[in-house]
Amino acid sequence: MFSRRKFEYIYLKFSRKIRDFLLSSKSREFLIFLFFFFIASAFWLLQTLNSDYEAEFSIPIRLKGVPNNTVLTSEPPSELRVKVKDKGTVILNYMLGKSFFPVNLEFADYKGKNNHVVIYASEFEKKIQSQLNVSTHLLSIKPDTLEYFYATGKSKWVPIKLAGKVTAASQYYLSDTIFTPDSVLVYAPANILDTITAAYTQRVQFENISDTLRKHISLAYIKGAKFIPNTVGLTLPVDIYTEKTVEVPLFGVNFPADKVLRAFPSKVQVTFQVGVSRFSKITADDFVINVSYEELLKLGSNKYTVRLKSMPSGVSHVRIAPQQVDFLIEQVSSYGS
């Protein structure tokens, strides 16, 4: 620890050095230089601030008095960018000390067509000019036009639709597209609301997906409309393909009461690809092969090319074996003859 005597010694020594420096000829020259430097700087600053400058400031916008039964579906911007020109001293005052009051717009003062309000800059220019110095020139206001849409209780529910491109990796497929929630409430003026049939997501691009994907997606903007909520959860379940074969019978349709279809073979093998998760759910009953009487009469042979009348969703790469069968239209004896 320093003793008191030693501390006093260091203090006196340091003080003596400072005093000697200040009383020396070099220090006097330095102090004189600083004096004239500060005077010159002050004159330069005054001359500079006396010139004209341009500057840009932001002024808040507030829309007031919106009725409780009114929903703004597209709001005006939250601020204006104002460009002004004046002496440097005035501009400096704006930058350091001046605070601008918000431009207040009363909802009841503006009426629009089809719930669409357009307000030009000239209508609120005086409100801005009143906050500026008399010598200040107002050069521009951006945006020069304010607009907003509103709805008075007009709304409806619309489904969500995916916009964009989604592909699965090789041997995989997208088994579903799930939105949470699956529909949203949209508010809009009546003429816009009538044109909206769905809420589309922002465009997405997911490629070579090999596992279930979960994302939060924003809804695409529609001018004059407001979606609640404006974001939804997206789930894309991914499944892997496997192959399955079932035996499906041929059924004759539209045959007269005294005629029946005889096909050789009477059943065909239907092979298809399906996701592993649905493998056990798909059965032969999900496939239908109907052979119409009229179609057989038009054939010039006793060979019929088998075609599926219907099949379940989610199956692909369907193959039928054999592709052709022999057939016979058999006359059936009427009862009691």
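## A pair of facing residues and its sheet

S74 stands opposite F149, a residue of strand 7. This is a predicted model, in which local features need pLDDT of at least 70 and side-chain atom pairs count only at pLDDT 80 or more, while totals for chains, interfaces and linings use all residues. Residues are numbered from 1 along each chain as its sequence is written, and side-chain values use heavy atoms, with hydrogens and water left out. Helices (H or I, at least four residues) and strands (E, at least two) are DSSP runs that are numbered from the N terminus, and two strands are said to pair if DSSP finds at least two bridges between them.

Strand 2 is joined to strand 7 (residues 145-151) by three bridges, and the two strands run antiparallel. Both belong to an open sheet of three strands, whose order is 2-7-5 and whose pairing is antiparallel. Strand 2 (71-74) and strand 5 (116-120) stand at the edges with a single partner strand each, so one side of each has no neighbour in the sheet. From one strand to the next, the twist averages 35°; for such angles, axes are lines fitted to C-alpha atoms (for helices over the stretch in contact), and the angles run from 0 to 180 degrees between N-to-C directions.

Strand 3 (residues 79-87) and strand 6 run antiparallel and are joined by five bridges.

The structure holds nine salt bridges, a salt bridge being a side-chain nitrogen of Lys or Arg within 4 Å of a carboxyl oxygen of Asp or Glu. In one of them E54 is paired with K83, and the closest N and O atoms are 3.5 Å apart. This pair links distant parts of the chain, since E54 lies in strand 1 (residues 52-64) and K83 in strand 3, 29 residues apart. E54 is partly exposed, with a relative accessible area of 47%, where buried means under 20%, exposed means over 50% and partly exposed lies in between (1.4 Å probe, protein chains only). K83 is also partly exposed, with a relative accessible area of 32%.

E56 forms a salt bridge with R81, and here the closest N and O atoms are 3.2 Å apart. Because E56 lies in strand 1 and R81 in strand 3, the pair ties together parts that are 25 residues apart in sequence. E56 is partly exposed at a relative accessible area of 39%, and R81 counts as partly exposed at 30% relative accessibility.

## A salt bridge between D258 and K259

D258 forms a salt bridge with K259, with the closest N and O atoms 3.9 Å apart. D258 is partly exposed, its relative accessible area being 30%, and K259 counts as partly exposed at 23% relative accessibility.

## The two sides of helix 3

In helix 3 (residues 88-96), the buried residues are G88, V90, I91 and Y94. They cover an arc of only 160° around the axis, which means that they lie on the same side of helix 3; the arc is that of the directions from the helix axis to the C-beta atoms.

L96 is also found in helix 3, but L96 is exposed, with a relative accessible area of 70%. Together, L92, M95 and L96 make a nonpolar surface patch of about 330 Å².

## Strand 12 and its partners

Strand 12 (residues 183-187) is mostly covered, as four of its five residues are buried. Strand 12 pairs in the antiparallel sense with strand 8 (residues 155-161) over five bridges, and V184 in strand 12 is the bridge partner of V158.

Strand 12 also pairs with strand 16 (residues 226-228), again in the antiparallel sense, over three bridges. Here V186 stands opposite F227, which belongs to strand 16.

Methods:
Patch = residues over 30% accessible without salt bridge, like charges linked within 9 Å, V, L, I, M, F, W, Y side chains within 5 Å. Areas by Shrake-Rupley, 256 points an atom, 1.4 Å probe, with all protein chains shown as cover.
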